[in-house]
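Biologist: Could you put the model up, so that we can go through it strand by strand and helix by helix?
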Amino acid sequence: MTERIERELWLPATPEAVWEAVTGDGWLADRVNLDLRPGGDAHFVTSGRIRSGWVEDVSAPDRLSFWWAVDQEPASRVELRIEEHQDSTRLRIVETRPLEVLDLVGVPLPGPGGVTYGPALVAA
Amino acid sequence: MEDRASAVFGALSDPTRRALLAAIAEHPATTATELAAQLPISRQAVLKHLNALTNAGLLDRTRSGREVRYKFTPAPLSEAVDWMTAVGAEWDERLAVLRRQLGGAAATRRASAWPTRSRGGAAGTPIQRGGIPK
């Protein structure tokens, strides 16, 4: 089960410049309101369409993960990673849907053919 | 309005609830009493978490005698088959914007698999961004 989007982009800019661009207004949404700390509120508005969620983890200028969702739609998790390599900066994006996220956090789910996958590694 | 997405966020953001979900997924038709015996929390606390998970649509409960049995229902998490296409297109558009903004002839391509398995319990440095429009 792969409900996962991955993208990568190399930019001739510093990690700080990329961080500013990806966390500021106009990129993730027209208006971005991110409380950049774990558990902080995340609010995104693009032409009347509102997404809301929360910040899972943040370490400027190289890592940001957050959850977002529109209204009743299932939530998804976005992870942005910014790495400097010589003169350029690599931006990596992964957006995952809860099914895979549940797998990541260790909840075993019924897979194809009734097979159960995903280790139950959740710390009790 | 208590929307489903918020309920799912809340349910998944708590490690105890994730542990409960894992235990129920592994052993369907579990009761709160059985769960409380497995975890270092009271039955009362277990019930509170089970209510949150049920409200998020992640659990289905059936009464059997004096006990209520819980079953994991992943359905609310696996809707929308065209999600990949729609979300992929959104990211491609954002990357194009970024490329125009930060310049260069940088190439965009699908990233190869890279490890994200380590979710890491370590919290990042709490920072406050200035100039957030209210």
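Biologist: How many bridges join S2(B) to strand S3 of chain B, and in which sense do they run?
Modeller: In this predicted model, S2(B) and strand S3 (residues 67-72) of chain B are joined by six bridges and run antiparallel. Within that pairing, Leu59(B) stands opposite Phe72(B) in S3(B).

Biologist: And what packs on that sheet?
Modeller: Helix H2 (residues 15-26) of chain B packs there, touching S1, S2 and S3 of chain B, and its direction makes about 90° with that of S3(B).

Biologist: In what order do the strands of the sheet come?
Modeller: The order is S1-S3-S2 in chain B, an open sheet of three strands with antiparallel pairing. S1 and strand S2 (59-64) of chain B are at the edges with a single partner strand each, so each has one side without a neighbour in the sheet.

Biologist: Stepping back, what is the pattern of chain B along the sequence?
Modeller: Chain B has five helices and four strands, and read along the sequence they follow α-α-β-α-α-β-β-α-β. Of its 134 residues, 22% count as buried, and among the contacts in chain B with a separation of 6 or more, 50% are between residues 24 or more positions apart.

Biologist: Let's take H4 of chain B; which of its residues are buried?
Modeller: The buried residues of H4(B) are Val46(B), His49(B), Leu50(B) and Leu53(B). They lie on the same side of H4(B), because the arc they cover around the axis is only 105°. On the other side of H4(B), Gln44(B) and Asn51(B) are exposed.

Biologist: What is the span of that helix, and what comes just after H4(B)?
Modeller: Helix H4 (residues 43-55) of chain B has 13 residues and reaches 18 Å from its first C-alpha to its last, close to the 18 Å expected at 1.5 Å a residue. Just after H4(B) comes Gly57(B), which takes a positive phi of about 80°.

Biologist: Switching to chain A, is strand S5 mostly covered or mostly uncovered?
Modeller: Strand S5 (residues 63-70) of chain A is mostly covered, with six of its eight residues buried.

Biologist: Which strands does S5(A) pair with?
Modeller: S5(A) pairs with strand S4 (residues 49-59) of chain A in the antiparallel sense over eight bridges, and S4(A) and S5(A) form a hairpin with three residues between them. Six bridges also join S5(A) to strand S6 (residues 76-85) of chain A, and those two run antiparallel as well.

Biologist: Now for confidence; which elements of chain B have the lowest and the highest mean pLDDT?
Modeller: Among the elements of chain B, the lowest mean pLDDT, 48, belongs to strand S4 (residues 108-109) of chain B, and the highest, 92, to strand S1 (residues 30-31) of chain B. Over residues 106-134 of chain B, pLDDT stays under 50, and the model has 43 contacts beyond four places in sequence for them.

Biologist: What about chain B on average, and what does the model score in ipTM and pTM?
Modeller: Chain B averages a pLDDT of 71, with 62% of the residues scoring at least 70, and the model scores ipTM 0.76 and pTM 0.51.

Note on methods:
Residues are numbered from 1 along each chain as its sequence is written. Chains are lettered from A and ligands numbered from 1 in the order in which they are written. This is a predicted model: local features need pLDDT of at least 70, side-chain atom pairs count only at pLDDT 80 or more; totals for chains, interfaces and linings use all residues. pLDDT is the predictor's confidence in each residue, from 0 to 100. Two residues are in contact if their C-beta atoms, placed from the backbone, lie within 7 Å. The expected span of a helix is 1.5 Å times one less than its number of residues. A residue is buried if 20 or more other C-beta atoms lie within 10 Å of its own, exposed if 12 or fewer, and partly exposed in between; C-beta atoms are placed from the backbone. The arc is that of the directions from the helix axis to the C-beta atoms. Two strands pair if DSSP finds at least two bridges between them. Axes are lines fitted to C-alpha atoms, for helices over the stretch in contact, and angles run from 0 to 180 degrees between N-to-C directions.
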